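Good morning, and thank you for making time for this presentation. I would ask you to keep the structure in view while I speak.

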Amino acid sequence: MSSAPAESIVVVPFGDGAVRVELPPSLRGQRRLVLDRLRALPGVRDVVVAEQHAAVVFEAEGPIPDVAAALVAVEHGGGVAAAGELVVVHVRYDGPDLPAVAAWAGRGTEEVIALHLAPTYVVETIGFQPGFAYLGSVDPRIARPRLPSPRQRVPAGSVGIAGARTGVYPFASPGGWNLIGTVVGFAPFDTERGAALQLGDRVRFERV
């Protein structure tokens with residue numbers, strides 16, 4: 001795998017005491033390791049890693065952390081990410097879009113459910129809502145794209161598919177994912193402990 005030289009990594013100011021960096025494509029499958037390495041830089045107070053970018057917040061009175069050098073070190077094999085937790089999420093497959101996903105896939109609903117249950121998913125990024133974890137990768141045979149028009153209200157706890165991603169809505173909100181089920185006994189977010197899933201965690205769905 002080729003790696004990017006430090007000078008080619010784009011780091012730009014992001015308000016007072018923060019920078020925004022575009023992740024080299026070679027690192028977008030190692031977001032947990034990127035998070036760990038950036039958090040370990042001197043003076044860093046917080047790091048948010050998204051699909052293609054990371055934001056690094058640091059002590060404004062100190063030097064700017066060498067974010068580019070840290071990413072190059074990761075590319076060169078610097079470190080191993082801590083293993084994410086394995087979280088089992090129980091699902092009732094009662095979503096209103098399950099028949100549409102089955103029709104799009106040319107399969108029965110039971111086969112769609114089986115294909116959704118089969119993988120162990122990985123939290124690839126977190127966003128949209130507090131605790132909304134983007135899980136990949138959905139089997140391409142059932143990876144129906146987002147709805148052409150989003151719903152005005154998706155109930156909290158809905159399980160959706162949008163292309164290669166699946167996830168659970170922590171809160172009721174508008175949303176355009178294909179709703180295939182509802183979680184049982186799982187809260188993606190609460191005010192006491194924050195998000196239930198962290199970057200790099202692994203998720204298995206179990207049917208109830």
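This is a predicted model: local features need pLDDT of at least 70, side-chain atom pairs count only at pLDDT 80 or more; totals for chains, interfaces and linings use all residues.

Let me begin with a term: a residue is called buried when its relative accessible area is under 20%, exposed when that area is over 50%, and partly exposed in between. By that criterion, 48% of the 208 residues of the protein chain count as buried.

First, the overall architecture. The protein chain contains 4 helices and 15 strands. Its C-alpha trace spans about 55 × 40 × 30 Å along the principal axes. Among contacts with a separation of 6 or more, 62% are between residues 24 or more positions apart.

I turn now to the interior. In soluble globular proteins, nonpolar side chains tend to be buried together. Here, the largest nonpolar core has 28 residues, and those with the most contacts inside it are Val89, Tyr93, Ile142, Val203 and Phe205. Which elements give two or more residues to this core? They are strands S5, S6, S7, S9, S12 and S15, together with helices H3 and H4. Apart from this core lies another, of 23 residues, with Val49, Ala54, Val67 and Ala70 among them.

Leaving aside residues up to four places away in sequence, Ile142 touches Val101, Trp104, Ala105, Val112, Leu115, His116 and Ile161. Three of those names will return with helix H4, where the buried residues are Val112, Ile113, Leu115, His116 and Leu117. The cover over the buried residues of H4 includes helix H3 and strands S6, S9, S10, S12 and S15.

Next, helix H2, residues 67-75. Why can this helix be described as largely enclosed by the rest of the structure? The description holds because 7 of its 9 residues are buried. Those buried positions are Val67, Ala68, Ala70, Leu71, Val72, Val74 and Glu75. Strands S1, S2 and S4 and helix H1 are included in what covers them. Ala73, also in H2, has a relative accessible area of 25%; since this value falls between the two cut-offs, Ala73 is partly exposed. Ala73 and Val88 are 15 residues apart along the chain, yet their C-alpha atoms are separated by 33 Å. Just after H2, Gly77 takes a positive phi of about 90°.

Ser158 lies in strand S9. Is Ser158 buried or exposed? Its relative accessible area is 5%, which is under the 20% limit, so Ser158 is buried. The side chain of Ser158 reaches the backbone oxygen of Pro155 at 2.8 Å. Beyond residues up to four places away in sequence, Ser158 touches Gly167, Val168, Tyr169, Leu179 and Gly181.

We come to empty space. Rolling a probe the size of a water molecule over the atoms shows where such space is left. How many cavities of 30 Å³ or more does a search of the whole structure find? The search finds 1. The largest cavity holds about 30 Å³ of space, and its lining consists of Gly131, Ala133, Val168, Phe186, Pro188 and Leu197. By class, that lining has 5 nonpolar residues, 1 polar residue and no charged ones.

The largest pocket has a volume of about 250 Å³. Its lining is made up of Arg32, Leu35, Asp36, Arg39, Asp46, Val47, Val48, Val49, Ile126, Gln198 and Leu199. Helix H1 and strand S3 each supply at least two residues of that lining. By class, the lining of the pocket divides into 6 nonpolar, 1 polar and 4 charged residues.

Finally, backbone geometry. Most residues other than glycine have a negative phi, and most peptide bonds are trans. Phe128, in the loop between S6 and S7, has a positive phi near 70°. A cis peptide bond, with omega of about 0°, joins Gly136 and Ser137. Ser137 is placed in the loop between S7 and S8.

Thank you; I would welcome your questions.

Notes
Residues are numbered from 1 along each chain as its sequence is written. Side-chain values use heavy atoms; hydrogens and water are left out. A nonpolar core is a set of buried Ala, Val, Leu, Ile, Met, Phe, Trp, Tyr and Cys residues joined through side-chain atoms within 4.5 Å. Buried means under 20% relative accessible area, exposed over 50%, partly exposed in between (1.4 Å probe, protein chains only). Contact means heavy atoms within 4.5 Å. On a 1 Å grid over the protein atoms alone, a cavity is a set of points where a 1.4 Å probe fits but cannot get out, and a pocket is an open set with protein on both sides within 12 Å along at least five of seven lines; lining residues have an atom within 4 Å of a point. Grid points are joined across faces, edges and corners, and a volume is the space filled by probe spheres set on the points. Ala, Val, Leu, Ile, Met, Phe, Trp, Tyr, Cys and Pro count as nonpolar, Asp, Glu, Lys and Arg as charged, and the others, Gly among them, as polar. A polar contact is a pair of N or O atoms within 3.5 Å; within protein, one must be able to donate a hydrogen and the other to accept it, and residues adjacent in sequence count only if both atoms are side-chain atoms.
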